[in-house]
Amino acid sequence: MSLEKPQIIAHIQKSLNYTVFDSQWIPCSAKFVCMGNFARGSGVLQIYEIQHGELQLVREIEKAKPIKCGTFGATSLQQRHLATGDFDGSLNVWNLEVPESPVYSVKAHKEIINSIDGVGGLGIGDGAPEIVTGSRDGTVKVWDSRQKDTPVVNMEPMEGETKRDCWTVAFGHAFNDQDRCVCAGYDNGDIKLFDLRNMSLRWETNIKNGVCSVEFDRKDINMNKLVATSLEGKFHVFDMRTQHPTKGFASVSEKAHKSTIWQVRHLPQNRDIFMTAGGAGNLHLWKYEYPAQRTKKGADDVDMGVAGSVNLLQNVTLSTQPISSLDWSPDKQGLCVCSSFDQSVRVLIVTKLNTV
Amino acid sequence: MTDRHPSIAPPLSNHRHVVATSVYVSLRRESEMPLIVKDHTWTQNQNTVYISVPLKGVKPASVHVTCTDEYLKVSFPPFLFEVFLFGSINEERSEARIGNGVAVFTLQKRRDESWEQLFTNIDKDKQKQIREQAVLKVQQKEAEKSKAKAARIQQEKKYALETMMKLENKERDRIQKMKDEECARATAELDFWRETQRKTAEEKENQQKTRGTGPQDNQPVNQKTVTLMRNTGDTTSGQRSRKQTAKDLPAPRSAGCIQISFTPRVFPTALRESRVPEEEEWLKKQAEARRAVDTDLAELDDLREDERNPDWLKEKGDKLFMSGNYQAAVNAYNLAIKLNRKIPALFSNRAACHLKLRNLHKAIEDSSQALELLKPAVAANASARLKAHVRRGTAFCELELYVEGLQDYQAALEIDPHNAALRADSDKICEIIQGTT
């Protein structure tokens, strides 16, 4: 008899001497980057490589300001430049071979950049590579590394509006050169979907609790699903294929973790499987099942979407502190790295994902 | 002595206490002397003595045998048979058979000899001694036996527990092994994948070296796009489709700005910050206050309709206050309060009037009353509370109760930390306090 459910195995665990906020795989390699800040208040980037069941520190780079988040999403596979947002509101794009000065740098926001995402790089999707940043100053800005100093799109509160912190941003709907969408989640529970082709707000909703993380299941297809996680242990899965003029998108919500769900990440190799990371140091692996009919006719004969259901495949508790970041390896199915607030980073292997 | 008996018989030297009747009987018998049995028979050969004692109709279950190496006692109430043996016997190897109306004892002699008689003649004291010894011995044996039994039970329990633990451990180990196997397999795959990564990376490097540098950028400078050259032999983990030709990237997006607004709430805080229960309470209180009208006052009969409306009266009072006619304002507020005791603004404004009229105690009372009505403390009634605190603080200070005044000013500062005038005032009070102490 062998274990049939996918198992989440903590393959390697390493204790670090700094607070780590984010960890990202370097594409096409067995290395990943950890970002955080030292106790002395300076930022740090560390590159680790997996060798023989252990993590070897390849490089350590110290920077002036603590680094909150990073992405490889907008860079080409040859260059593999890392775009980071720091506590000061600066967006920097680094060449990790030559990290002394950034390839691109701009003071993007007045306050800390909470979240960053990139699209158009790594051979995924069409269109220009762009980076989106969301900050505590309530604005969401889209940057192109070919344009200095000013963002290509700026989503800001209207005059006189009290600003709410933007906690998370994600790109999606980038299936051709022109189309692109940015989804932003705010601390008062607002989720806003911006269409960059029409330069307008396409949809917004409020899920009552602050939105910690949003992610589309795939960036480079016609928007299919969006998962939004929030405080108090709830997450919502929206079916993005059918938009009703008044009701918006259909959704299913699930309560799990009993604490803040810090992060959601979809498996690059299967867009219906995603993992959520919780404030109690646990990880839940979920699978989304589509309903029999994805659309149905509403009362006024207008199509509306039908949400499916979510099944819990596996869960594991790794630590007592929140797991703040999670990243699947795009090259090896089931390999992922997660970092948590107990100053440690873990490499996990999730087995049996191909039979789920 | 082993006991072989066709029907139920108590094992030898077993103090099994019997049913009430026998106890009763034995009690009765102990007050009387038991009947001594004398019609026993005995035979012997070289190494064994056979004694046969008739049971005289007593049930085998009530037969009680006590036997030591020199003494045999058979007690079956109301009869008693005892014999002080001529020679010593081996008690362990001797047998008793009780049944068919007779008890047959097969005693193994210690020394193979022929006994002249069954009894020995010993004096009373010796007899008594031997009897006591016998009883003791039997007790001892009993104790030992029960101890042995307890020990055996303990042993068995321990064994059971150990086996259980072993089984559970085995189960756990099995599961752990499965997990480890999975882990090892996954690690092996990982290493293998890493190796392939490395090899392809090396290959790519070598190929790039042999090709020399790629074609120079001949794109217009302001575009700054980079041509991507892909090696045709590149098969790096082909999970995504590769573009084989050089790609031109579209121009940067023309700048755009999207203005957004945030979801309004009755109270402008996110759910986690809102103190919803308190806020609801405050809203309810306000609604109630508006409704409460105390109408059973005789004096109201000669009032105009307007003058029965607390809101109208409040406005009148406000206007009178603005124009400096504080006493009249107080009257208006008095009447309004008579109509509706639940509106905090009335008390607060009356406090301000009293302050102007230098009725300091009344001012303090009224602002305290206002603050009472302004519970629970929420964002919506912050400014009202601020005013009440300031008025009360001022009144205290005028009365030279500076410490109480300072408390109120500090409460006010908590509500509105950015008010410079407040801060200046509270600093002044601090100084006065420190000056006088």
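Helices here are DSSP runs of H or I with at least four residues, and strands are DSSP runs of E with at least two. The model is predicted. By that assignment, chain A has 0 helices and 30 strands. Chain B has 10 helices and 10 strands. The points below cover the chains, two residues in strands of chain A, two helix pairs in chain B, and one annotated repeat.

**Chain overview**

- Chain A has 356 residues, and 65% of them are buried.
- In chain A, 49% of the contacts between residues at least 6 apart in sequence join residues at least 24 apart.
- Chain B has 437 residues, of which 32% count as buried.
- For chain B, 57% of the contacts between residues at least 6 apart in sequence link residues at least 24 apart.

**A:Thr242 in strand β20**

- Strand β20 of chain A covers residues 234-244 and includes A:Thr242.
- A:Thr242 has 10% relative accessibility, so this residue counts as buried; the cut-off is under 20%.
- Setting aside neighbours within four places in sequence, A:Thr242 touches A:Gly248, A:Phe249, A:Arg294, A:Thr295, A:Asp303, A:Met304 and A:Gly305.

**A:His284 in strand β24**

- A:His284 sits in strand β24 of chain A, residues 282-289.
- With a relative accessible area of 7%, A:His284 is buried.
- A:His284 and A:Asn315 are 31 residues apart along the chain, yet their C-alpha atoms are separated by 4.3 Å.
- A:Asn315 is also one of the contacts of A:His284 beyond four places in sequence.

**Helices α4 and α5 of chain B**

- Helix α4 spans residues 310-322 of chain B, and helix α5 spans residues 326-339. Their axes come within 8 Å and cross at roughly 165°.
- That angle makes α4(B) roughly antiparallel to α5(B), because angles over 145 degrees fall in this category.
- The crossing of α4(B) and α5(B) is left-handed.
- On the α4(B) side, the contact is made by B:Pro310, B:Leu313, B:Lys314, B:Gly317, B:Asp318, B:Leu320 and B:Phe321.
- On the α5(B) side, the contact is made by B:Tyr326, B:Ala328, B:Ala329, B:Ala332, B:Tyr333, B:Leu335, B:Ala336 and B:Leu339.
- By class, this contact of α4(B) with α5(B) has 12 nonpolar, 1 polar and 2 charged residues.

**Helices α5 and α6 of chain B**

- Helix α6 of chain B runs over residues 344-356. The axes of α5(B) and α6(B) come within 9 Å and cross at roughly 155°.
- α5(B) and α6(B) are therefore roughly antiparallel to each other.
- Their crossing is left-handed.
- From α5(B), the contact residues are B:Tyr326, B:Ala329, B:Val330, B:Tyr333, B:Asn334, B:Ala336 and B:Ile337.
- They meet B:Leu346, B:Phe347, B:Asn349, B:Arg350, B:Cys353, B:His354 and B:Lys356 in α6(B).
- The contact of α5(B) with α6(B) has 9 nonpolar, 3 polar and 2 charged residues by class.

- In the model, the span of residues 386-419 in chain B is 79% helix and 0% strand.
- The end C-alpha atoms of residues 386-419 of chain B lie 11 Å apart.

Terms used. Residues are numbered from 1 along each chain as its sequence is written. Chains are lettered from A and ligands numbered from 1 in the order in which they are written. This is a predicted model: local features need pLDDT of at least 70, side-chain atom pairs count only at pLDDT 80 or more; totals for chains, interfaces and linings use all residues. Side-chain values use heavy atoms; hydrogens and water are left out. Axes are lines fitted to C-alpha atoms, for helices over the stretch in contact, and angles run from 0 to 180 degrees between N-to-C directions. Angles under 35 degrees count as roughly parallel, over 145 as roughly antiparallel, 65 to 115 as roughly perpendicular and the rest as oblique. A crossing is left-handed if the near helix is turned anticlockwise from the far one by less than a right angle, and right-handed if clockwise. Contact means heavy atoms within 4.5 Å. Ala, Val, Leu, Ile, Met, Phe, Trp, Tyr, Cys and Pro count as nonpolar, Asp, Glu, Lys and Arg as charged, and the others, Gly among them, as polar. Buried means under 20% relative accessible area, exposed over 50%, partly exposed in between (1.4 Å probe, protein chains only).
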